[in-house]
2 protein chains.
Amino acid sequence: MYFTGFRCFECGKLYRPDEDLLLCPACHNLLDATYDYDAIGRDLDRDAIAARPHGVWRWREFMPVLDDAAIVSLGEGDGPMLRCDRIAKAVGVRELWVKSDANNPTGSLKDRSITVSATKAVEFGYKILSCDSTGNKASSVAAYAARAGLDSVVFCPDDTPVPKVTQALYFGARVIRVRGHYSQINAMYRKLIHSGAVKWYDCGTDNPFRYEGKKSYAYEIAQHLGWRAPDRVVHPANGGMSIVKAWKGFGELKRIGWLEGLPKMTGVQAANCAPIAKAVLAGANIVTPVEKGPTIASALAGADPGLLGNRAVASIRESGGTALGVSDAETLEAMQLLASEGLFIEPSGAVAIAGIKRLVAEGKASPDERVVCVVTGSGFKDFDQIASQVRIPEETVGSYEELLAAAQALG
Amino acid sequence: MYFTGFRCFECGKLYRPDEDLLLCPACHNLLDATYDYDAIGRDLDRDAIAARPHGVWRWREFMPVLDDAAIVSLGEGDGPMLRCDRIAKAVGVRELWVKSDANNPTGSLKDRSITVSATKAVEFGYKILSCDSTGNKASSVAAYAARAGLDSVVFCPDDTPVPKVTQALYFGARVIRVRGHYSQINAMYRKLIHSGAVKWYDCGTDNPFRYEGKKSYAYEIAQHLGWRAPDRVVHPANGGMSIVKAWKGFGELKRIGWLEGLPKMTGVQAANCAPIAKAVLAGANIVTPVEKGPTIASALAGADPGLLGNRAVASIRESGGTALGVSDAETLEAMQLLASEGLFIEPSGAVAIAGIKRLVAEGKASPDERVVCVVTGSGFKDFDQIASQVRIPEETVGSYEELLAAAQALG
């Protein structure tokens with residue numbers, strides 16, 4: 001057992017590893033899991049991990065779980081890490097890798113963290129999992145609840161993409177559709193959870209266990225690159241916790257002597273909803289809510305990321321990285337670049353490519369960098385945005401002669 | 001180099017490994033790749049493979065590729081292998097595993113084989129990849145062509161599910177929609193390819209290189225189960241080549257001394273289009289075409305599997321397995337069983353579960369078996385079939401009071 005408990009990011013108070021916690025009971029800030037890194041470094045061989053079954057749970061020692069028998073898994077993590085020279089050239093960097101979470105069990109990044117919270121729900125004996133979500137978290141919670149034989153309740157904006165809601169319903173979730181944008185729903189949902197009116201296991205923004213699953217990005221990237229950190233990791237940012245936890249993961253590897261170097265963590269938001277970028281660029285420590293404008297990146301709707309956003313700003317700054325907002329036009333171009341390498345990615349997942357392109361163009365990232373862009377969701381998850389980019393031909397052929405003519409017309 | 005060439009399944013003629021082949025030039029039957037298994041057994045350690053990056057290409061020595069630099073990969077293979085006790089209980093077997101290809105790069109089994117044919121297209125210097133397809137092969141060919149920087153042309157029935165056609169178009173494929181069912185299109189497409197009228201690299205039913213990728217099912221299943229074969233492998237069957245090649249893969253492992261036991265290979269088709277099952281049950285060696293009836297399993301539309309079907313019958317019989325057709329109602333129930341374990345699978349991918357359930361009920365499979373069911377495609381690939389199973393609630397809530405009331409109404 002290497003998981004030793006929690007420390008409050010804000011007040012520093014410590015908690016035992018067997019406590020059922022959300023926010024810090026003392027100051028209501030975010031908690032961060034702690035581990036005995038000396039013991040991990042002593043007991044574990046980084047090369048031996050390569051022989052374990054792949055996925056999030058090959059990093060078992062770095063996860064805040066007490067009982068292996070409770071683990072709820074659908075085979076998440078270890079999505080493709082693809083060197084993309086065509087995209088590198090288009091965005092102007094020496095070396096670019098795409099780390100794709102589009103092939104996770106439910107098609108998005110959320111499975112990396114929900115596998116951990118579902119496991120904790122089982123450990124703690126809950127019967128119902130819940131969350132608020134722009135859609136991806138909802139379908140993930142529904143799938144892992146099903147896998148665990150538990151029920152689920154999810155709260156989504158009423159304009160959530162149909163595939164995400166359908167997926168959640170298909171897994172048996174009760175879906176409550178809420179009028180308003182994500183941060184408004186997040187505020188109401190958190191109030192519900194903290195009111196004690198329901199006895200559900202919250203897999204939402206306050207759960208400190210689930211976020212530890214996101215450290216697996218760092219481990220996988222480091223392992224794939226031969227335990228040398230890339231110069232920069234670019235990640236879509238809604239609340240920003242993926243960036244916080246990937247940064248933590250790289251730091252853990254460095255601390256136990258497994259990793260050379262550390263990456264600049266870079267967050268990309270939709271320009272019309274970019275409170276983290278605004279704070280980073282203004283040099284502020286506290287993220288101020290913004291007025292949410294329209295964007296095709298529907299999963300990046302965190303106009304008020306709150307406590308998460310503040311942690312994201314801190315991690316980005318500590319790493320020497322930056323943040324920015326990109327336009328819908330830049331996102332659509334990024335989606336096309338990904339398609340040119342055979343990758344089918346939803347708008348919210350594609351912004352990392354748009355982000356690095358702009359940073360290089362503006363001289364804020366060096367063309368000499370080795371960059372890893374995380375793409376976080378399948379094109380199927382926001383299918384209408386993909387479908388609007390293509391035209392299914394109306395013409396059909398019905399005989400060999402017509403088929404031959406159509407083939408020859410292609411040259 | 002362990003790949004030694006090809007042997008015709010029918011006439012036994014041998015061919016060199018560097019030849020650009022489709023069917024046997026001598027007798028126009030299917031070719032089967034040959035390897036120096038003694039050398040593989042001597043040079044390779046099965047446990048060392050576990051430390052390689054996961055996916056189809058960790059089995060490099062078993063693939064018919066001459067030039068590693070030509071490999072075109074999107075990170076295919078090594079989808080989740082999940083023990084599903086709830087499904088086991090529902091279908092009545094002691095132990096049931098689901099091997100899911102839904103999380104392959106383009107969301108279906110096809111990526112296992114198209115990664116090989118795309119690689120051969122690069123080796124041979126082609127500029128355009130082509131195939132006929134009920135949809136999944138089309139989107140896979142389009143994606144791998146894009147990844148390789150090549151063009152693609154695909155021929156699909158005019159009623160192909162929209163997500164599959166959209167995905168192919170999004171990757172830049174030219175899509176030719178053909179009136180008729182799959183086997184009719186297959187006959188016209190093969191005539192086109194063999195006419196020499198086009199200089200495309202055929203990734204369709206006659207390509208002997210690409211099928212070798214499907215052996216990776218066997219390797220992954222064997223490795224996951226500690227190099228002991230399961231009692232039975234159940235796989236959806238259209239042409240049936242996945243069954244032929246998984247059977248070959250298990251046989252290879254047995255031959256080089258890595259595997260204990262061999263599984264009964266079992267093919268599941270749609271009852272309304274089940275020519276392979278018909279031949280197996282009749283004790284025939286040659287598959288006779290059937291009249292295709294309607295089915296929700298749109299990828300299992302091979303009313304005339306031709307040469308492939310004959311090979312499938314031979315493999316099934318050699319293994320001591322069987323084949324059967326299942327109704328749409330049984331398929332829908334199988335999809336629900338998969339959803340109860342958190343799996344989101346298209347109808348054509350779910351039939352394996354329906355098949356094992358029926359075999360146990362009819363006393364044709366033992367309740368004592370350890371069974372692996374392969375599920376071959378994501379629910380997103382035939383999304384309308386999934387969407388028709390759920391109802392998105394019309395009601396919305398707009399305030400905390402309404403949200404609280406909705407939550408409390410759930411009990």
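How many salt bridges are counted between chain B and chain A? I found four salt bridges between chain B and chain A, taking a salt bridge as a side-chain nitrogen of Lys or Arg within 4 Å of a carboxyl oxygen of Asp or Glu.

**Entry 1: conventions.** I worked on a predicted model, in which local features need pLDDT of at least 70, side-chain atom pairs count only at pLDDT 80 or more, and totals for chains, interfaces and linings use all residues. Residues are numbered from 1 along each chain as its sequence is written, chains are lettered from A and ligands numbered from 1 in the order in which they are written, and side-chain values use heavy atoms, with hydrogens and water left out.

**Entry 2: the interface.** I looked up the contact (heavy atoms within 4.5 Å) and noted 78 residues from chain B and 78 residues from chain A. The buried area between the two chains is about 6700 Å², with 66% given by carbon and sulfur atoms; buried area is the accessible area (1.4 Å probe) that two parts lose on being put together, summed over both.

**Entry 3: salt bridges between the chains.** I recorded B:Arg179 with A:Glu402, whose closest N and O atoms are 3.6 Å apart. I also recorded B:Glu402 with A:Arg179, again with a closest N and O distance of 3.6 Å. B:Glu402 lies in helix α15 (residues 400-409) of chain B and A:Arg179 in the loop between β8 (174-178) and α7 (182-195) of chain A, so this pair joins two chains. Helices (H or I, at least four residues) and strands (E, at least two) are DSSP runs, numbered from the N terminus. B:Glu402 is partly exposed at 35% relative accessibility, and A:Arg179 is partly exposed at 39%. The classes are buried (under 20% relative accessible area), exposed (over 50%) and partly exposed (in between), with a 1.4 Å probe and protein chains only.

Entry 4: I found two bridges joining β14 (residues 396-397) of chain A to β8 (residues 174-178) of chain B, in parallel. Pairing of two strands requires at least two bridges found by DSSP. A:Val397 has B:Val178 as its bridge partner in β8(B).

**Entry 5: salt bridges within a chain.** I examined A:Lys215 and A:Glu252, a salt bridge with closest N and O atoms 2.9 Å apart. A:Lys215 is buried, with a relative accessible area of 0%, and A:Glu252 is buried at 2%. Both belong to a network of salt bridges that also links A:Asp32, A:Glu212, A:Lys245 and A:Lys248. B:Glu95 is buried at 6%, and B:Arg370 counts as buried at 18%.

**Entry 6: positive phi.** Most residues other than glycine have a negative phi. I noted B:His28, with a positive phi near 60°, in the loop between β2 (14-15) and β3 (31-35) of chain B. Is B:His28 buried or exposed? B:His28 is exposed, with a relative accessible area of 55%. B:Asp78 has a positive phi near 55° and is buried at 11%.
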